[in-house]
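Q: Hey, I've just opened this one and I'm new to it. Can you walk me through a few spots?

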Amino acid sequence: MVEQGAGGVTSVVKRRLPEASRLGQIAAGLAVALAGVMAFHRVIPNSPGRVGSLVESFLPWSGVVVVLLFVVALVRRSGVGLVALLLPVGVWVQGFGELLLPAPDVGARELVVVQHNVSDENPDPAGTARALLAAGGDLVALEELVGPALGVYEDVLGADYPHHVVHGTVGIWSKYPIEEGKLVDIRPRAFDVGWSRGLRALVRTPYGDVAAYVAHLPSVRVGVRGLASSPRDESARMLGDIVRGEKVRAVILMGDLNSTVDDRGLHPLTSQLNVAERGFAFSYPAALPVARIDQVLARSAGVSHIRTLPATGSDHLPVAARVTLDPLPPSGRLAP
């Protein structure tokens, strides 16, 4: 009976070892594949269904997959799987690890910028405006300003922000004088003439002139055919061309860009503007934020940190960013 028991145990071990080995190999293979996706996401084709953009929109969440694979490899005691996981861990840390670091010290030439899509269905615009005031920003950029709610934002924000410009459904409030304010045309060709979601304001800050842009790019939809983002991509290209031609050296772009900074659809902007160096600040949807589509980008300036603010009556969370301006020449403008 002892020999039979020992033989039975031996038999079970023999059956289990190949199973554990296979699972370890699967985990290792998935780890290598995941690392490849993270490192070479730009080579993923965007057709059909803009698969590449869809993957890039949720790229930071690849870290969750790494954790799950780690648990599988650990439970199965797979040395091969654990070693293979070093590859995606390294790629993720290189791409996103810096965002986890603490916010840097306050800069000498720093502006605090607040960005919020307030929602055209917000039931409490006054409460939303008061919440934004509490953030203590130097600039406040808002989208989906419609109907009577616009007057509420003007009334509540007006005392602390004496300078503001509104065009279409977007607006900017500033503690510093606004010299110019004009409409920026980023309307896709297929959209109605009344669609107006972009503006530019020249803000006279204590650190020099800043060309402040506020934009609300077209929405995207995720369906069975993938990501429907053609109008957003077209609008991003138009805005990118406008920013490229901007003569003022320092530029801050704030807005609901309906995309993450990793999405190639925003490449016309992210290729020439700095993105946040610290903070994930997932802002949408407010009930369960999975992506930051509310952005603050800058030229001749660094976005040293971005964070979310408490929820308001909107389906987006507000974000606040610290923008440190580079030293400017006296004119604050680029040489022709």
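Q: Which residue stands opposite Val319 in β13?
A: That's Thr308. Strands and helices here are DSSP runs numbered from the N terminus (H or I of at least four residues for helices, E of at least two for strands).

Q: What should I know about the model before going on?
A: It's a predicted model, where local features need pLDDT of at least 70 and side-chain atom pairs count only at pLDDT 80 or more, while totals for chains, interfaces and linings use all residues. Residues are numbered from 1 along each chain as its sequence is written, and side-chain values use heavy atoms, with hydrogens and water left out.

Q: Ok, how do β12 and β13 pair?
A: In the antiparallel sense, over 7 bridges. Two strands count as paired if DSSP finds at least two bridges between them.

Q: What's the strand order in the open sheet?
A: The 6 strands run β3-β4-β2-β1-β13-β12, with mixed pairing. At the edges sit β3 (163–167) and β12 (301–308), each pairing on one side only.

Q: Which strands does α6 touch?
A: α6 packs on the sheet against β2 (139–143), β3 and β4 (170–174). Contact means heavy atoms within 4.5 Å. The direction of α6 makes about 5 degrees with that of β4; axes are lines fitted to C-alpha atoms, for helices over the stretch in contact, and angles run from 0 to 180 degrees between N-to-C directions.

Q: And how do α5 and α6 cross?
A: The axes of α5 (residues 125–134) and α6 (residues 147–158) come within 9 Å and cross at roughly 35 degrees. Among the residues that meet are Ala129 and Leu133 in α5, and Val152 and Val156 in α6. The contact divides into 9 nonpolar, 1 polar and 1 charged; Ala, Val, Leu, Ile, Met, Phe, Trp, Tyr, Cys and Pro count as nonpolar, Asp, Glu, Lys and Arg as charged, and the others, Gly among them, as polar.

Q: Switching topic: how many aromatic pairs are there?
A: There are 5. One is Phe191 with Trp195, edge-to-face at 5.4 Å centre to centre and 80 degrees between the planes. Rings of Phe, Tyr and Trp (its six-membered ring) pair if their centres lie within 6.5 Å; planes under 30 degrees apart are stacked, over 60 edge-to-face, the rest tilted.

Q: Why is the Phe280 and Phe282 pair called tilted?
A: Because their planes are at 45 degrees, with the centres 5.6 Å apart.

Q: Is Phe280 buried or exposed?
A: Buried, with a relative accessible area of 17%, while Phe282 is partly exposed at 22%. Buried means under 20% relative accessible area, exposed over 50%, partly exposed in between (1.4 Å probe, protein chains only).
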